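Student: Hi, could we go through this structure together? I'd like to start with a single residue and then look at the whole chain.

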Amino acid sequence: MPSRTAFHGVQSASELVDMSTVQTITQSAVGSAPAKLTVLPSAEDNKTEEREEYRYAHLLPVFPQDEHYRPLTPFDHGDPASRALSHPNPRAFLDNATSVVQLTPHLGEVVTGVNLATLDNEGRDQVALEVAKRGVVAFRDQQDFIDRGPDFYLEWGRYFGRLHIHPTSGHPVNYPELHLVYRDENSTFNFERSNSISSTGWHSDVSYELQPPGLTALFLFSQPSTGGDTSFTSQVAALKKLSPQFVAFLKTLKAVHSGFEQAEYSRSGRRGGVVRREPVKHVHPIVRRHPVTGEEALYVNRQFTRYIVGLKIEESNAILNLLYDHIDRSADVQARVKWEPYTVVLWDNRITAHTAIVDYLDTKQRRHGARITPQAERPIPALEGLDLSE
């Protein structure tokens with residue numbers, strides 16, 4: 001049998017989970033994960049045999065059928081990044097970093113030598129400001145962060161905003177605030193379309209909420225040996241590429257973002273088949289302003305934006321499709337993050353869009369990760385006074 005690949009304790013996706021075990025966990029919303037997890041052999045094995053327990057089995061996705069939540073209510077959000085603006089050195093948290101490398105001129109940064117788990121509140125404020133300015137920051141060597149477990153994840157996330165509970169995704173037993181991504185040789189619990197020639201789907205997370213996320217964290221427990229990267233794009237830089245006259249027009253527009261299609265995807269029996277909260281739709285400006293940096297950014301995405309309020313459907317489609325194509329194709333404002341073991345990626349969901357890259361299916365390996373999703377303010381229109389009613 002091939003040896004198990006492991007990177008500093010992060011287990012390779014060649015250890016495939018027996019999904020009957022996951023389904024057993026799914027039937028109950030309470031309790032703990034089993035002490036022993038039986039897994040199936042990889043495709044090259046000729047016989048079934050029990051393998052070593054998966055280190056992160058307690059963080060496998062469950063989908064309790066009786067789990068329901070009331071509609072979200074508005075709340076006042078104070079962005080921690082605003083406090084860092086008055087600091088004499090807003091980047092002091094990087095003083096002991098061993099490496100800080102910008103991914104591209106417009107977007108992205110890779111930091112080594114900073115332990116996110118041990119930052120004090122001042123350091124967390126500075127991280128929030130750095131992410132707001134660079135769009136996305138990948139922190140390497142974060143075993144301390146990842147191995148502290150779900151209670152720590154929630155404490156970390158709550159510092160940056162109210163934690164979002166996803167209406168349809170899987171979460172670990174007893175931790176609904178943790179959104180899980182999961183795919184192995186046999187199963188996927190991601191929002192994917194198999195009838196497309198491409199796996200890319202640019203989006204800003206749950207933009208249909210009244211107060212969508214701000215600073216967001218994602219990290220992987222198990223990953224393919226190659227592939228499974230995440231690409232990001234700067235909605236700030238994308239906006240700047242458009243002509244001033246067109247941008248001025250876009251600032252007068254607002255669009256409906258809807259979660260109904262995502263809910264129907266789950267109700268059809270896919271992704272675990274649950275809808276924990278009834279879907280919503282909300283109106284957001286097509287050009288929003290960041291509350292701390294003041295930068296303006298496009299705020300539309302193929303996954304959740306449906307139509308522009310007040311325009312004929314042909315007019316709306318023409319403008320949105322132009323913007324979608326611009327976002328999709330502008331490689332000069334995009335950055336690709338490669339998932340090295342124990343990487344924590346932070347991004348500002350208000351000014352970036354991202355897409356998973358599902359290019360590892362033939363490897364039959366597992367990709368398992370968690371997202372911490374603090375909500376932020378209702379999107380602020382770049383055009384002051386823009387009416388956001390439909």
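Student: Is Asp348 buried or exposed?

Tutor: This is a predicted model, in which local features need pLDDT of at least 70, side-chain atom pairs count only at pLDDT 80 or more, and totals for chains, interfaces and linings use all residues. Residues are numbered from 1 along each chain as its sequence is written, and side-chain values use heavy atoms, with hydrogens and water left out. Asp348 is buried, with a relative accessible area of 1%, where buried means under 20% (1.4 Å probe, protein chains only).

Student: OK, and what does Asp348 touch?

Tutor: Leaving aside residues up to four places away in sequence, Asp348 touches Val131, Ala132, Gly135, Gly214 and His290, a contact being heavy atoms within 4.5 Å.

Student: Which strand is Asp348 in?

Tutor: Asp348 lies in strand β17, residues 344–348; strands here are DSSP runs of E with at least two residues, numbered from the N terminus.

Student: New topic: in what order do the strands of the open sheet with β11 come?

Tutor: The order is β12-β11-β15, with antiparallel pairing, and two strands pair if DSSP finds at least two bridges between them. Because β12 (281–285) and β15 (305–308) each have a single partner strand, they stand at the edges, and one side of each is left without a neighbour in the sheet.

Student: How many bridges join β11 and β15?

Tutor: Strand β11, residues 254–258, pairs with β15 over three bridges, and Val256 has Tyr307 in β15 as its bridge partner.

Student: And how much of the chain is buried?

Tutor: Of the 390 residues in the chain, 58% are buried.

Notes. Helices (H or I, at least four residues) and strands (E, at least two) are DSSP runs, numbered from the N terminus. Buried means under 20% relative accessible area, exposed over 50%, partly exposed in between (1.4 Å probe, protein chains only).
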